[in-house]
Amino acid sequence: MTTAPGFRTVALIIASAMFMEQLDGTILATALPAMATSFDVSPLHMSVALTSYMLSLAVFIPASGAIADRYGSRNVFRAAIALFTVGSILCGIASNLPLLVLSRLLQGIGGAMMVPVGRLVLLRSVPKSELVSAMSWLLVPALIGPVVGPPLGGFIVTWVSWRWIFYINVPIGVIGIWLATKYIPDVRLTERVPFDRIGFVLSGVSLSCLVFGLELASRGSSSLLGSTGLIVGGMLAGVGYLLYSRRISNPILDMTLMRFTTFRLSVIAGSLTRITAGAVPFLLPLMMQLGFGLSAAHSGVITFVSALGAMLMKATAAPVLRRWGFRATLVWNGVFSMLCIALCAAFRPDWPLWIIYAVLLFSGFFQSLQFSAYNTVAYADVPSERFSSATSFYTTFQQLMLSLGICVAAAALHVSVVWGGREHAALPDFSVAFLVVTFISLLAAPVSALLPKNAGAEMSGHRSR
């Protein structure tokens, strides 16, 4: 019989799965130059190793809620961890970039079920008044991954082999399956809802064409006709899905959720902010290694500081939101976080290390607070019976925009390199990329300002005067 745990225990177990996913992603970003050398490709082309995973997430996340409702959250959560672990092993033995991409796609299917289903369990088992605290607990182990990832990845790449960055997921996955079996409640709906197969195909085609079309365009490695054709095909499939979804009662991506003001504004503003969140883990390690000439180990020690700042946020999220509320926090904190990240454009090798550390620490802190607020206020007005579809919808756009952030950063790098007449990316090119992505994410502040003053007051405890 499964023990009935408190919300902190459930949050920490779910966060352990997020830890594995975040650790994998941050270690991979540090290892990209070494992997590019191993596969004999340009480091800029290695962005496909990141976007292929996010593509898989974007395609399969819409189905996560419906699958969890049908087969039970515990079963799906365990299977997702197992699939992610198997995908990690295949990534470790990949002999070329195409095989790595295929293995990352398999990993992404596991990740698509792992985190959204875990978040769904938390939403259904925690009262709204305790959701801010639960989300903060959820972030703790999940943020340890980005803290540990860069220095660990740098050590592994420098002293062992980049392949071991995937093999270390195996023991974490085994422990995660055991914890899920023992503690995760088997939450499922008693009423079966038909699975939207047509919607799944249309949304999958749309999202995959858009992501890969943007990826090819950002790298400049294919014909303009090919990348444009994929993007146009993705847009047409998206329009087809929108027209189709209006005619059925249980679409796989329920667009009617956008009628809830807090959900709609959180999706739009959060999407703009995640452009930068997706770009920074890709840009920063490359900047340190290609622009500063640092080793992977040294680069990892520097870049982990932003994740350390994100961890420090955990203790401050609840009091900050209680004092200022969601709207003021999202507007002003969003500006501060983007200005801190924009300062990365000015990094140069002769800067004192303590200044670089300070900028990265503050950027990690402010950005983590921003996402904690977005991830919570999105569900402020959503009825509990629609949490499943809301989680699938929200997480799909979250992953899509993270992937778009990598594409935008890679495109800005490529254009700057070509414009400057260089063969390889240099420091000025990274500066351009940082400024481009932060400018886009700054547009989230006026969107957040449209939130009602009392948005999410039940969750934050904030009371407007």
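**Stop 1: the whole chain**

Remember as you look that this is a predicted model. Select everything and colour by secondary structure. How many helices and how many strands does the chain have? There are 18 helices and 0 strands. The chain runs to 465 residues, and 55% of them count as buried. Now think about contacts between residues at least 6 apart in sequence. Of these, 84% join residues at least 24 apart.

**Stop 2: the largest pocket**

Rolling a probe the size of a water molecule over the atoms shows where empty space is left. Here, the largest pocket has a volume of about 450 Å³. Its lining is made of 22 residues. Select D69, V193, N250, S388 and S389, which are the closest to the centre of this pocket.

Next, show helices α2 (47-71) and α15 (387-419). Each supplies at least two residues of the lining of the largest pocket. Which element gives the largest share of that lining? It is α2, with 5 residues. Now colour the lining of the largest pocket by class. You will find 8 nonpolar, 6 polar and 8 charged residues.

**Stop 3: the second largest cavity**

How many cavities of 30 Å³ or more are there? The count comes to 2. The second largest cavity has a volume of about 40 Å³. To see what surrounds this cavity, select T273, G334, V335, M338, Q370, S441, L442, A444 and A445.

Then show α13 (317-342), α16 (427-442) and α17 (444-448). Each of these helices supplies at least two residues of the lining of the second largest cavity. The largest share comes from α13, with 3 residues. By class, this lining has 5 nonpolar and 4 polar residues, and no charged residues.

**Stop 4: S363**

Go to helix α14, residues 353-377, and pick out S363. Is S363 buried or exposed? S363 has a relative accessible area of 4%, so it counts as buried. Show its side chain. The side chain of S363 reaches the backbone oxygen of L360 at 2.9 Å.

Now look beyond the neighbours within four places in sequence: S363 is in contact with S306, C340 and I341.

**Stop 5: S416**

Move to helix α15, where S416 lies. S416 has a relative accessible area of 12%, so S416 is buried. Which residues does S416 contact, leaving aside its neighbours within four places in sequence? They are R422, P428, D429 and V432. Show those four side chains together with S416.

**Stop 6**

Select C91. With 0% relative accessibility, C91 counts as buried. Next select C407. C407 is buried as well, with a relative accessible area of 3%.

A disulfide is a covalent bond between the sulfur atoms of two cysteines. How many disulfides does the count come to? The count comes to 0 disulfides.

**Stop 7: D40**

For the last stop, find the loop between α1 (7-39) and α2 and select D40. Is D40 buried or exposed? The cut-off for exposed is over 50%. D40 has 72% relative accessibility, so D40 counts as exposed.

Now check the backbone at this residue. Most residues other than glycine have a negative phi. Phi of D40 is near 60°, a positive value in a residue other than glycine.

**Looking back**

S363 is buried, whereas D40 is exposed. Then bring back the largest pocket and find α2 again, the source of 5 of its lining residues.

Notes
Residues are numbered from 1 along each chain as its sequence is written. This is a predicted model: local features need pLDDT of at least 70, side-chain atom pairs count only at pLDDT 80 or more; totals for chains, interfaces and linings use all residues. Side-chain values use heavy atoms; hydrogens and water are left out. On a 1 Å grid over the protein atoms alone, a cavity is a set of points where a 1.4 Å probe fits but cannot get out, and a pocket is an open set with protein on both sides within 12 Å along at least five of seven lines; lining residues have an atom within 4 Å of a point. Grid points are joined across faces, edges and corners, and a volume is the space filled by probe spheres set on the points. Helices (H or I, at least four residues) and strands (E, at least two) are DSSP runs, numbered from the N terminus. Ala, Val, Leu, Ile, Met, Phe, Trp, Tyr, Cys and Pro count as nonpolar, Asp, Glu, Lys and Arg as charged, and the others, Gly among them, as polar. Buried means under 20% relative accessible area, exposed over 50%, partly exposed in between (1.4 Å probe, protein chains only). Contact means heavy atoms within 4.5 Å. A polar contact is a pair of N or O atoms within 3.5 Å; within protein, one must be able to donate a hydrogen and the other to accept it, and residues adjacent in sequence count only if both atoms are side-chain atoms. A disulfide is a pair of cysteine sulfur atoms within 2.5 Å.
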